[in-house]
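Here is a short briefing to read alongside the structure. Please keep the view open as you go through the topics below.

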Amino acid sequence: MHRMLIVFFLSLTNFAFAGQTTAPDFTLPDIGGNNYQLSKNFGKGPILINFWATWCLPCRSEMKALKKIYKKYKDDGLQVLSVSVDDPRTVSKVKGTVKTYRYPFTILLDTNSEVFQLYQGTNPPLSVLINKNGEIVYTHTGYRKGDEINLQKKIVKLLK
Amino acid sequence: MKKIFNLLSILIFILPTVSISQKISGNIHTEYSSAKKAQSRFFENWSDISLSRGGFRLGGRFSFHEPPASFSQQDTTWGLAQRFLEYKRGDLNIRVGNFYSLLGRGLVLRSFDNRTLRWDSNIDGLKVDYRSQFVDAKILAGRPRKTRLDVADLKKSKARPAGEKLPALYGGEIKLKPYTMLHLGGTYLYTAAGAHQTQGFQRGSFFGKLYFDFASLYGEYAVLPYPESYHLQDGKAIYVASNFFLGDLSITGEFKSYKNFAFYDGLLNNPPTVTREHLFTLLNRHQLVQNANDEKGFLVEMNYPVAESGVATAGYCITRDSLQNTVYQEWYGQFEMDEFLGGEWVWAAGRQKEYTRRYLNFVADATYELTDYYSIKVIYEHLHARDEATQPERMYYDQLITIGLSKAPKWTLSFLGEHSTDQTVDEHYVPGHAGTKHFYWAGGQLDVNVYKNFDLSVFAGTRRQGKICIGGVCVVKPELQGVEVTLIGRF
């Protein structure tokens, strides 16, 4: 037991040193069946990766807020990648959800959560903001109404 | 084990200095419960860490598990649970060590990690993944981890976080994409002989996908031939999923037919359940427990946007066994309205049936913005249950209320209360007991963003025993009378 506690608290020291990290590259299929590779889109502007699922209640509210942000800044170069972590039991509902809720983003399918784990995700929603150099500048888990105000400020800063 | 501990401790000291090169990432997830009853106490930790350089990534997971008794029969374990070395270059990804994988839609293989279910079926071996414009291919070989330990394993598995391993498997998947609208592929898996089977097994599937603007279709057909000595019909599984769009109306349809198709009691595969995954607690409490050896059913769901801010959903699903018994059936309706009485509302109603039991559900969910950063959320759920097979007929109801005040992006303070006229989830029913007594559970929860990506959640009070079902896999979370703390951080 004491060994575990030591390791646990030692591991916390890492947080103090954690810095800006290069976004791990990945290739995922979109809902149209085409592959999307993240690194091929670096350099065009900030990229917001949002991990969500059809069964996730806070994700619904967050996606509504992201829709407004995307519409406002897409012409300035903002890209939004909406990565569904729906697994085989719910992935068939992604396309219907996207159509009904009129999500305008690029929708990618991470059916076994491999990319979600690559980004250290444990529960959706998870938002990861990447600058045009491919570095992670901001991440946020969960969603409370008003979170989008902070996110928007970070995006505006990157667009300047 | 001592050596591993020492090595890990050294690594943890060294890694922060390496992080200056900005190539380190990881996460930490700790759950702790201090409860009145011993069976509800637990202390678990998962710590992932990985170091990237060029196209290489080296990583591992340290874990400690002292799980609640009902989650598994696993004894206290700790140590290095996973380690891997990964290389990625362009379309190619090679990984040696522990990995998760999915072939097709999980009919043939699905190894995954779900901490809510305490489920981890990672494979220790080699995985090669190639994704390009016209071809996707995956090859894998290794030994899967046995997720659930039985009593015999307990005696020999102390202090082994990775658990016992199952016999080796070898397999892969290839997907050809000759046209954007047509994808065709196949999967194959061979599992070697071991304690659970006297000889090796082969299984495989063919699948196809069609994409149109107005529709999409996915179909997979899988087979599992059994040797004659098993006296079993060859396993067969069919899964079809489709989407149709008629103007604003979106229709999703799914069909399944599984016969003799659970491997190692479902440890290696997890075909789609063809049921609805709900947004609310009580609706998810009574779900289908998957039996891929004998299931047939379908699901239809329709979504329609109403005006600018509303969405209506209606769904139906049914699962039967080979004797035509209705194992699970559900009618469901939901209506969402973004601008109603100054708030965002969701109303839902469902009727679920499993064998002789039926459950009627009603839900109302309202969210109000108080200021730009403050909001309040109220969810009321009601479930009325009836079991026709018991004498006298068993009837009871559950009511659940959640009231949460949030300040973005820092904290949420919630009150959670439940009232029921039946204490049991569904087992240990005492005739004549239900409907006559009242049971109450109540607690407060504080969720705080402590620092950057460090989130702390503290629950204090009482919480009833709860059945949690995800994708046909169910666990019963024990009753809590005490404090539960969850800490999740990423870096």
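How many disulfides does the structure hold over all chains? The structure holds one, taking a disulfide as a pair of cysteine sulfur atoms within 2.5 Å.

A word on the source: this is a predicted model, in which local features need pLDDT of at least 70 and side-chain atom pairs count only at pLDDT 80 or more, while totals for chains, interfaces and linings use all residues. Residues are numbered from 1 along each chain as its sequence is written, chains are lettered from A and ligands numbered from 1 in the order in which they are written, and side-chain values use heavy atoms, with hydrogens and water left out.

**The disulfide in chain A**

- The disulfide links C56(A) with C59(A), at an S to S distance of 2.1 Å.
- Its torsion about the S-S bond is about 80°, so the disulfide of C56(A) and C59(A) is right-handed.
- C56(A) counts as buried at 4% relative accessibility, and C59(A) is buried with a relative accessible area of 1%. Here buried means under 20% relative accessible area, exposed means over 50%, and partly exposed lies in between (1.4 Å probe, protein chains only).

**The open sheet of chain A**

- Helices (H or I, at least four residues) and strands (E, at least two) are DSSP runs, numbered from the N terminus. Two strands pair if DSSP finds at least two bridges between them.
- In chain A, six strands make an open sheet with mixed pairing, in the order β1-β8-β7-β4-β5-β6.
- The edges of this sheet are β1 (21-22) and β6 (106-109) of chain A; each has a single partner strand, so one side of each is left without a neighbour in the sheet.
- Strands β4 (residues 47-52) and β7 (residues 126-130) of chain A run antiparallel and are joined by five bridges. Within this pair, I49(A) has V128(A) of β7(A) as its bridge partner.
- Helix α2 (residues 57-73) of chain A packs on the sheet and touches β4, β5 (79-84) and β7 of chain A, its direction making about 160° with that of β4(A). Contact means heavy atoms within 4.5 Å; axes are lines fitted to C-alpha atoms, for helices over the stretch in contact, and angles run from 0 to 180 degrees between N-to-C directions.
- Helix α5 (residues 147-159) of chain A also packs on the sheet, touching β4, β7 and β8 (135-141) of chain A. The direction of α5 makes about 175° with that of β8(A).

**Paired strands in chain B**

- Ten bridges connect β17 (residues 249-259) and β18 (residues 294-306) of chain B in the antiparallel sense, with F255(B) opposite F298(B) in β18(B).
- β18(B) is also joined by eleven bridges to β19 (residues 310-320) of chain B, again antiparallel.
- L299(B) stands opposite C317(B) in β19(B), and C317(B) counts as buried at 1% relative accessibility.
- The hairpin of β18(B) and β19(B) has three residues between the strands, and A307(B) takes a positive phi near 55° there.

**Backbone details**

- Most residues other than glycine have a negative phi, and most peptide bonds are trans.
- P124(A) and P125(A) are joined by a cis peptide bond with omega about 0°; P125(A) sits in the loop between α4 (114-118) and β7 of chain A.
- A408(B) to P409(B) is a cis peptide bond too, with omega near -5°. P409(B) belongs to the loop between β24 (394-407) and β25 (411-420) of chain B.
- R102(A) has a positive phi near 55° and lies in the loop between α3 (94-100) and β6 of chain A. R102(A) is partly exposed, with a relative accessible area of 37%.
- V274(B) has a positive phi near 60° in the loop between β17 and α3 (281-285) of chain B. V274(B) counts as buried at 0% relative accessibility.

**Where chains A and B meet**

- The contact takes 108 residues from chain B and 69 residues from chain A.
- Between them, chain B and chain A bury about 7200 Å², 56% of it on carbon and sulfur atoms. Buried area is the accessible area (1.4 Å probe) that two parts lose on being put together, summed over both.
- On the chain B side, R131(B), L279(B) and R490(B) lose the most area to chain A, together 9% of what that side buries.
- The rule finds ten salt bridges across this interface, each a side-chain nitrogen of Lys or Arg within 4 Å of a carboxyl oxygen of Asp or Glu.
- D87(A) and R110(B) meet through their side chains in a salt bridge (3.0 Å, N to O).
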